[in-house]
Amino acid sequence: METKNIGLRGIEVADTRISNIDGEKGKLIYRGFDILDLTKYSTFEETAYLLLYDDLPTKSQLDEFNAKLIEARFIPKQMQKNMGNWRKDADPMDMLQAFVSALAGYYDEEFSNKEASYDKAINLIAKVPTIIASWHRIRNGLEIVDPDSSLSHAANFLYMMTGEKPDPEVEKIFDVCLILHADHTFNASTFTARQVASTRAHMYSAASAAIGALSGELHGGANTEVMKMLLEIDEVEKVDAWIKEKMKNNERIMGMGHAVYKTYDPRAQVLKELSRKLAEKTKDPWFDITEKVETVTISEMKSQKGRDIYPNVDLYSASIYYMLKIPMDLNTPIFAISRVAGWSAHIIEEKFAEAAPKPALYRPKAVYVGKYCGPQGCEYKTLDLRK
Ligand SMILES: CC(C)(COP(=O)(O)OP(=O)(O)OC[C@H]1O[C@@H](n2cnc3c(N)ncnc32)[C@H](O)[C@@H]1OP(=O)(O)O)[C@@H](O)C(=O)NCCC(=O)NCCS
């Protein structure tokens, strides 16, 4: 028998009200709202509220949500002390996964009802940036920078990481990046979170499992690979030959192509303009190199395989983070800073959705292709009889 549905491609597993992708039209919506509108008019905090509560907040709802997020930004000093025991070259995603999981041990909390789950979601969204920034300071032998309650979610993370308050333009660019990465239907990490939540495990446990899924290079790690490629290419003049050589050898160009979008990824459109804007300011070559990677890959794909290919979210986010002077190994943790909002919404939906069909414990079927000795099973020989 041959396994069908490898990787669950195209298999519908649950209803969701949280987000939707139209891969043909290149549209992504969160709770009915086009992400292009959200990047223009919203903030990460408001978008997180929308993802969690299924509607845009009123002014007072947003103020209250913001106040709760700000209050929850601090992490226990003991946790920061424990981070000091880690190897300084440890992968920040490993550290994040461990300390998100550890949050359950620091807070004696109620996990069983929906209302309490919203508090956990706020705690997670607020604390993930502090965990990452604290670790970044500790590993570099720098003083930890406490959260600043006067700063937005985006600005506060950059401040805790660098010790300097970002200018409003940088803050806006980073905020838009957070909005764009906040949710993307049943991607690998979100599905992981939902699957763990379907066992009725609590929110920190589901979120830490999602962080593990995000850490893999086929998922959250691609933007780091894009930046490595840009650094290797180094000059616009070298792009043409570099891409042609790779594609001739059937190698993949990172940041190009998508399993769902059959046209331009809408997130890549926005990020491209942000990268262009930043490069004009910093005079870095990374936007020009990336744009050339895009055009050469498109034309090579057409001429070699007669097929269309478009940039995905990772192509332009790589240069943006690099120009914002964010260390490359924090690209994936930053993805988590944003995506934890989507994970939290999905975990709550998975555990508490009231409308039919109600979520059930995930239990796919496996196709057994292992040893078979007949219906009676293989003969068990005791240790002394085995050769
Ligand atoms: C994301 C990705 C896995 C989606 O792939 P997909 O749409 O399912 O398409 P497939 O993997 O089936 O590839 C289809 C064809 O396009 C080619 N192709 C797809 N993406 C390519 C890329 N980035 N560079 C070069 N060729 C690519 C494949 O080689 C394949 O060619 P073939 O049929 O001659 O073997 C793929 O585009 C990719 O590997 N991209 C690079 C990694 C990346 O940026 N990941 C982040 C995703 S958000």
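Q: Which residues does A207 touch?
A: A207 touches V100, L124, A193, V340 and W343. Residues up to four places away in sequence are not counted. Two residues are in contact if their C-beta atoms, placed from the backbone, lie within 7 Å.

Q: What kind of model is this, and how are residues numbered?
A: This is a predicted model: local features need pLDDT of at least 70, side-chain atom pairs count only at pLDDT 80 or more, and totals for chains, interfaces and linings use all residues. Residues are numbered from 1 along each chain as its sequence is written.

Q: Why is K302 called exposed?
A: A residue is buried if 20 or more other C-beta atoms lie within 10 Å of its own, exposed if 12 or fewer, and partly exposed in between; C-beta atoms are placed from the backbone. K302 has 12 C-beta neighbours inside 10 Å, so K302 counts as exposed. K302 lies in helix α14 (residues 286-305). Helices (H or I, at least four residues) and strands (E, at least two) are DSSP runs, numbered from the N terminus.

Q: Which residues touch the most other members of the largest nonpolar core?
A: V100 and A207 do, in a core of 97 residues. A nonpolar core is a set of buried Ala, Val, Leu, Ile, Met, Phe, Trp, Tyr and Cys residues joined through C-beta atoms within 7 Å. Helix α16 (residues 331-352) gives the most to this core, with 10 residues.

Q: Why does this core lie between domain 1 and domain 2?
A: Domain 1 (10-219 + 328-352) and domain 2 (222-323) both give residues to the core, so the core lies between them. Domain bounds come from an automatic or database domain assignment.

Q: How do you know that β1 and β2 pair?
A: Two strands pair if DSSP finds at least two bridges between them. Strand β1 (residues 19-22) and strand β2 (residues 27-30) have four bridges, in the antiparallel sense. Among the bridge partners in β2, I29 belongs to N20 and Y30 to S19.

Q: What makes β1 and β3 edge strands?
A: Three strands form an open sheet in the order β1-β2-β3. β1 and β3 (33-34) each pair on one side only.
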